[in-house]
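Colleague: Hello! I am new to this one and would like to learn how its descriptions are reached. Could you take me through them?

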Amino acid sequence: MAVMITDICINCAACIDECPVEAIVDEDDNPTGEDTYYVYADKCVECVGYHDTPACAEACPTEGCIVWAECVEGMPCREDVPAEARAEHAPVIED
Ligand code: SF4
Ligand code: SF4
């Protein structure tokens with residue numbers, strides 16, 4: 001994983017165009033069948049090299065919707081994120 005969109009997503013589309021690597025798809029293209037937006041973990045670079053924080057989470061109006069998940073082998077991974085935050089799926093943006 002990388003970052004993950006949770007089931008409180010309201011399908012507002014604010015995140016999708018913010019992603020620099022087109023890792024996000026809408027509910028129609030969600031491969032899990034869930035009726036929410038979805039992040040392809042094998043495409044997400046956690047915005048490393050693009051932004052200081054994940055742009056999708058910055059844009060998301062739904063508090064706690066986008067959370068940290070485990071790093072994907074071979075993909076960029078933010079080293080400043082505590083392992084516990086990834087294990088517990090802590091929100092990327094804490095209010
Ligand atoms: S963290 Fe960055 S690269 Fe990953 S899905 Fe969000 S906007 Fe895209
Ligand atoms: S910005 Fe947040 S609530 Fe809106 S579609 Fe993306 S993840 Fe869902």
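Modeller: Gladly! Of the 95 residues in the chain, 23% are buried. The model is predicted, so local features need pLDDT of at least 70 and side-chain atom pairs pLDDT 80 or more, while totals for chains, interfaces and linings use all residues. Residues count from 1 along each chain as its sequence is written, chains are lettered from A and ligands numbered from 1 in the order written.

Colleague: What makes a residue buried?

Modeller: A residue is buried if 20 or more other C-beta atoms, placed from the backbone, lie within 10 Å of its own. In this chain, 23% of the residues pass that test.

Colleague: Why is the chain called as compact as a globular protein of its length?

Modeller: The chain has two helices and four strands; these are DSSP runs, H or I of at least four residues for helices and E of at least two for strands. The radius of gyration, taken over C-alpha atoms, is set against 2.2 Å times the number of residues to the power 0.38. The chain's value is 12 Å, close to the 12 Å from the rule for 95 residues, so the description holds.

Colleague: What makes the shell around ligand 1 what it is, by residue class?

Modeller: The shell divides into 14 nonpolar, no polar and two charged residues. Ala, Val, Leu, Ile, Met, Phe, Trp, Tyr, Cys and Pro count as nonpolar, Asp, Glu, Lys and Arg as charged, and the others, Gly among them, as polar. Among the closest to ligand 1 are Cys19 and Pro54.

Conventions:
A residue is near a molecule or strand if its C-beta atom, placed from the backbone, lies within 6 Å of it. A residue is buried if 20 or more other C-beta atoms lie within 10 Å of its own, exposed if 12 or fewer, and partly exposed in between; C-beta atoms are placed from the backbone.
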